[in-house]
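Before reading on, please take a moment to look over the sequence and the model together. The report below goes through a few places in turn.

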Amino acid sequence: MEYVLKTANLKKYYGKYRALDGLDMCVPKGAIYGFVGKNGAGKTTLIRLICGLQKPNEGNYELYGIDSRNKEIVKSRRRMGAVVESPSIYQDMSARENMEQQYRILGLPDFQGIPELLKLVGLENTGKKKAVNFSLGMRQRLGIAIALAGSPDFLVLDEPVNGLDPQGIVEIRELILRLNREQGITLLISSHMLDELARIATHFGFIDRGQMVKEISAAQLEEACRKRICLRVSDVGILSRVLDEIGLEYAVLSDSEAEIYGKIGVTELALRLSDQGCQVESMQERDESLENYYLNLVGGQLTPTEAGRRGKHE
Ligand code: ATP
């Protein structure tokens, strides 16, 4: 698989505080990578590093295969656009004027691409209206248009829907999908809004206390969160045979346990098993929500204490 971004043992300290504590992550080309972690997990720190706004204390990363310690990294960064924290917008300028300013900063030869970009983000009809009078969602979309000015093929968005109303969230969601599907842009999106990310992400990276806890594709995550029934029986061989006969999907977990996916007729299954001499010892329904999956990964702690986090490294 081709990766746009790869980090290896990336560390960033603020004094004694380890904001990134050996982070390993891989963003596949073409992905919408949901970078998930609670407040303070280290998401923005990672983004600042890859944007070149700060330097790592240890470890390195690769952008398009170029190592962060190589001078050529500057070229790789030109292929990347980012909206970090709040979008960098001149409040007293219109959308078009903001775009022109960015084109000048990038030294682009003309303003030809601007109308198309403004249309892409749904700001083509804002005329002379100044950014200060835009809604939060419009500002966020203008920030994205500015980040797209250099025609990047990798776009990094830090908490893009934070504070937006439902309509604003839908607009950003649709824009992200369009950028990915129609323009082939790889996206790295940091967020702690799991449910929102679950609608669009193709891959997830769950970060906690500056470390990657799990990287998983959306398909694998869906599988992991699927409704299932866990059966403990006296003979798993008989259970497998009966499940095959009924045509149910299942996974054998041990010599006495199996997980069955999809809807099952519990009574029919129990009777068939009993007919063949297999006893059901326990039956449990499991339905893991994305939220639960995440909380299980990070140890169920929603707000780790600062002392706990520091103590780990001292
Ligand atoms: P959020 O969702 O709140 O933005 P985050 O995952 O983006 O969280 P970071 O902004 O990367 O988290 O911060 C990680 C930790 O590093 C936080 O505890 C934060 O207080 C700390 N931190 C970030 N920047 C600095 C800094 N410049 N100086 C000192 N500590 C910092």
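Predicted model: local features only at pLDDT ≥ 70, side-chain atom pairs only at ≥ 80, totals over all residues.

## Around the ligand

| Residue | Part of the residue | Distance to a ligand oxygen atom |
|---|---|---|
| N39 | N or O atom of the side chain | 3.2 Å |
| G42 | polar backbone atom | 2.9 Å |
| K43 | backbone N or O atom | 2.8 Å |

The ligand, when it is taken alone, exposes 640 Å², and the protein buries 63% of that area.

## Helix α6

Helix α6 covers residues 166-183, which makes 18 residues, and reaches 25 Å from its first C-alpha to its last, a span that is close to the 26 Å expected at 1.5 Å a residue. Which residues of α6 are buried? They are G168, I169, I172, R173, L175, I176, L177, L179 and N180. In general, an α-helix has 3.6 residues a turn, so residues three or four places apart point the same way. The cover over the buried residues of α6 includes the strands β3 (32-36), β7 (154-158) and β8 (186-191), and it also includes the helices α4 (114-120), α5 (136-147) and α7 (194-200). Just after α6 comes G184, which takes a positive phi of about 65°.

## The arginine R226

R226 is found in the loop between α8 (218-224) and β11 (228-233). Is R226 buried, partly exposed or exposed? R226 counts as partly exposed because its relative accessible area is 25%, a value that falls between the limits of 20% for buried and 50% for exposed. If its neighbours within four places in sequence are left aside, R226 is in contact with E249, Y261 and R286. As for V280, which is 54 residues from R226 along the chain, the C-alpha atoms of these two residues are separated by 22 Å.

Key
Residues numbered from 1 in each chain as written. Heavy atoms only, no water. Polar contact = N/O pair within 3.5 Å; in protein donor to acceptor, adjacent residues only side chain to side chain. Areas by Shrake-Rupley, 256 points an atom, 1.4 Å probe, with all protein chains shown as cover. Helix = DSSP H or I, 4+ residues; strand = E, 2+ residues; numbered from the N terminus. Buried < 20%, exposed > 50% of the residue type's maximum accessible area, 1.4 Å probe, protein only. Contact = heavy atoms within 4.5 Å. Expected span 1.5 Å × (residues − 1).
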